[in-house]
Amino acid sequence: MTTVTFHSADSRLDGFVVEGHSGYAEAGADIVCAAISAAVGLTECTINEVMGLGAPVKAREGSARISLKLPPKLNEASDSLCQSLLTGLLVYLQAMGEEYPDNLTVMLDDEDDKDGNP
C-alpha cells in the first residue's frame, strides 16, 4: 500500500510524503505505482526545475519514500502556483485512491487542527 500524506499549516499546503509500494502488480507492471510516480515527479519538477524554488526533496529508494517541503516565505505568485500544483496533486491522488482503495491511501495532516486553530 502506498500512503501519501499532504502537510498543511497556516491554511496552505506546504509539502507531502509518499511512502510504500502500491502492491497492485510486480515492479515494472504496476500501473498504480507508475501513475503516482509520474504525478509526483511532474509536481516536483515543476516546483524545482521550472519555477526554480529549490524545495527540499528527500528520496529513499529502498524504503520507497519521497518527500517534498516548500520553502518558507515564497512570493505571492510562486505560493499561489505551488498551492495550485499541490492541490491538483492531492485531488488527482484522492481520485486514484477511490479507484484503487487497496493500493493507495491519501491523507491530509493539518497542523492548524492540531494547534486548535480554525
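## Helix packing and aromatic pairs

Helix 1 and helix 2, the latter spanning residues 76-99, pack with their axes 10 Å apart and at an angle of about 175 degrees, where the axes are lines fitted to C-alpha atoms, for helices over the stretch in contact, and angles run from 0 to 180 degrees between N-to-C directions. Helix 1 and helix 2 are therefore roughly antiparallel to each other, a term that applies to angles over 145 degrees. Helices (H or I, at least four residues) and strands (E, at least two) are DSSP runs, numbered from the N terminus.

This is a predicted model, in which local features need pLDDT of at least 70 and side-chain atom pairs count only at pLDDT 80 or more, while totals for chains, interfaces and linings use all residues. Residues are numbered from 1 along each chain as its sequence is written, and side-chain values use heavy atoms, with hydrogens and water left out.

On the helix 1 side, Val32, Ala35, Ile36, Ala39, Val40, Thr43, Thr46 and Ile47 meet Cys82, Leu85, Leu86, Leu89, Tyr92, Leu93 and Met96 of helix 2, contact meaning heavy atoms within 4.5 Å. By class, this contact of helix 1 with helix 2 has 13 nonpolar, two polar and no charged residues; Ala, Val, Leu, Ile, Met, Phe, Trp, Tyr, Cys and Pro count as nonpolar, Asp, Glu, Lys and Arg as charged, and the others, Gly among them, as polar.

A search of the whole structure finds two aromatic pairs. Rings of Phe, Tyr and Trp (its six-membered ring) pair if their centres lie within 6.5 Å, and planes under 30 degrees apart count as stacked, over 60 as edge-to-face and the rest as tilted.

| Pair | Centre to centre | Angle between planes | Class |
|---|---|---|---|
| Phenylalanine 6 and phenylalanine 16 | 5.9 Å | 50 degrees | tilted |
| Tyrosine 24 and tyrosine 100 | 5.4 Å | 85 degrees | edge-to-face |

Phenylalanine 6 lies in strand 1 (residues 2-9) and phenylalanine 16 in strand 2, so their pair ties together parts that are 10 residues apart in sequence. Both phenylalanine 6 and phenylalanine 16 are buried (under 20% relative accessible area, with exposed over 50% and partly exposed in between, for a 1.4 Å probe and protein chains only).

Tyrosine 24 lies in the loop between strand 2 and helix 1, and tyrosine 100 in the loop between helix 2 and strand 5 (104-110), so the tyrosine pair ties together parts that are 76 residues apart in sequence. Tyrosine 24 counts as partly exposed at 39% relative accessibility, whereas tyrosine 100 is buried, with a relative accessible area of 18%.

Histidine 21 also lies in the loop between strand 2 (12-19) and helix 1 (31-50), and at 53% relative accessibility it counts as exposed.

How values were computed
Parallel < 35°, antiparallel > 145°, perpendicular 65-115°, else oblique.
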